[in-house]
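Here is a short briefing to read alongside the model on your screen. Have the viewer ready, and follow the topics one by one.

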Amino acid sequence: MATRTQPSIATPPPSDGGTPPDTGEHSDRGNGKPLPWSKLAVSSLVLGLLALLCFAFEGFPFAGMLSLIAFPLGVAGLIVIQVRRRRRSTTLAVMAIILSLALFVASVVRTPATSTTATPSPTHSVSAAERAADRSRKAAERKERLLRQQQEREAKRHLAEAKSALTSKLNDARGLLTSSDGNVADPATRDALNALITTDAALNSTNPDDWTSAVQPLQLAMDSVNASEAKKQQDDAAAAQRQAQADADAAKARAEEEQRQQDLRAAQQQAPAPQPQQDQSQQPMGTAHGGAFCTPEGARAQSDRSSRILTCRVAADGRLRWKL
């Protein structure tokens, strides 16, 4: 059985010419759906909140654009609500209108200060110049700080290397001072080395040049001690050679003396026993001619030409002759 559709009964307009009351049966001219008048206020409020978010993050142009869209939507929603007597959406529409209007005004005020296309005022130009100068100054300070830190690291590295070099040289110098005790020709060289070791061991400086400059004098003092040791060795070798030569000469002299003594003893053993000599004073003295040959040596005679006494002795020719 077919269902019959009840025809809608039109509500007559009020006698005073006002808007007919809302019965919940408003339709959109043939589609039969209620008109969503309250959604205009909701849309206006959502756009206002988006504008507020953009304004909070300094997106002033976007905040102004969204608030400019939200304002007429809020006004339209409020008008429709008043016409349709939907009192429940009035507060929402008013809040959307106030929020959009406030954000639009605030965005318009703040936009010239941050817009890149607007011509900056002298105050803004000065502020921008100051900010640029401040950024340049901070960049320069940061660069200088980094450079200073790098220089400090380099200085610390140079200082550590200089200290290590001097410490190693001091250890070598102490070893040389110990080993050269009593082995130098000039003890003053060891005294100078000992004085430098004491001075350098007490060095306390943060300047690497002070540690580096102390190495060269210490090396020169060590070279002097080494040279004195070499001279001592040369002197000892020369003294030993002279002593050996003297010992050899003394041994040779002793050998020659012993040989001479042996030859003398052998000659004495081969010579005839000497005859006892008579006392010349008791023997009769003869006469002799001066210069004539005579024998034996030491004999005496009276000259045949005078009363003088001649003696038999070796003449200039090496032979025995009678001589005065």
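The notes below go from the overall layout to the helices, an aromatic pair and the sheet.

This is a predicted model. The protein has 7 helices and 4 strands, and from the N terminus on its elements run α-α-α-α-α-α-α-β-β-β-β. Of the 324 residues in the protein, 18% are buried.

**Helix 7**

- Helix 7 covers residues 215-270, which makes 56 residues.
- Which residues of helix 7 are buried? They are Leu218, Ala221, Met222, Val225, Ser228 and Glu229.

**A nonpolar patch on the surface**

- Seen on the surface, Leu68, Phe71, Leu101, Phe104, Val105, Val108 and Val109 form a nonpolar patch, and together they have about 590 Å² of accessible area.
- Two helices each supply at least two residues of this patch: helix 2 (60-84) and helix 3 (90-114).
- Helix 3 gives the largest share, with 5 residues.
- Leu68, one of the patch residues, sits in helix 2.

**An aromatic pair**

- The count of aromatic pairs comes to 1, and the partners are Phe55 and Phe60.
- Their rings are edge-to-face, with 5.1 Å from centre to centre and 65° between the planes. The angle counts as edge-to-face because it is over 60 degrees.
- Are the two partners buried or exposed? Phe60 is buried, with a relative accessible area of 2%, while Phe55 is partly exposed, at 21%.
- Phe55 gets that label because its 21% is not under the 20% that buried requires.

- The 4 strands of an open sheet follow the order 1-2-3-4, and their pairing is mixed.
- Strand 1 (287-288) and strand 4 (320-323) stand at the edges. Each has a single partner strand, so one side of each is left without a neighbour in the sheet.
- Strand 1 and strand 2 (residues 300-303) run parallel and are joined by 2 bridges.
- To find this pairing in the viewer, look for Ala288, which stands opposite Ser303 in strand 2.

Terms used. Residues are numbered from 1 along each chain as its sequence is written. This is a predicted model: local features need pLDDT of at least 70, side-chain atom pairs count only at pLDDT 80 or more; totals for chains, interfaces and linings use all residues. Side-chain values use heavy atoms; hydrogens and water are left out. The expected span of a helix is 1.5 Å times one less than its number of residues. Buried means under 20% relative accessible area, exposed over 50%, partly exposed in between (1.4 Å probe, protein chains only). Patches are made of residues with over 30% relative accessible area and no salt bridge: like charges are joined within 9 Å, nonpolar side chains (Val, Leu, Ile, Met, Phe, Trp, Tyr) within 5 Å. Accessible areas come from the Shrake-Rupley method with a 1.4 Å probe; for residues, only the protein chains shown count as cover. A salt bridge is a side-chain nitrogen of Lys or Arg within 4 Å of a carboxyl oxygen of Asp or Glu. Rings of Phe, Tyr and Trp (its six-membered ring) pair if their centres lie within 6.5 Å; planes under 30 degrees apart count as stacked, over 60 as edge-to-face and the rest as tilted. Two strands pair if DSSP finds at least two bridges between them.
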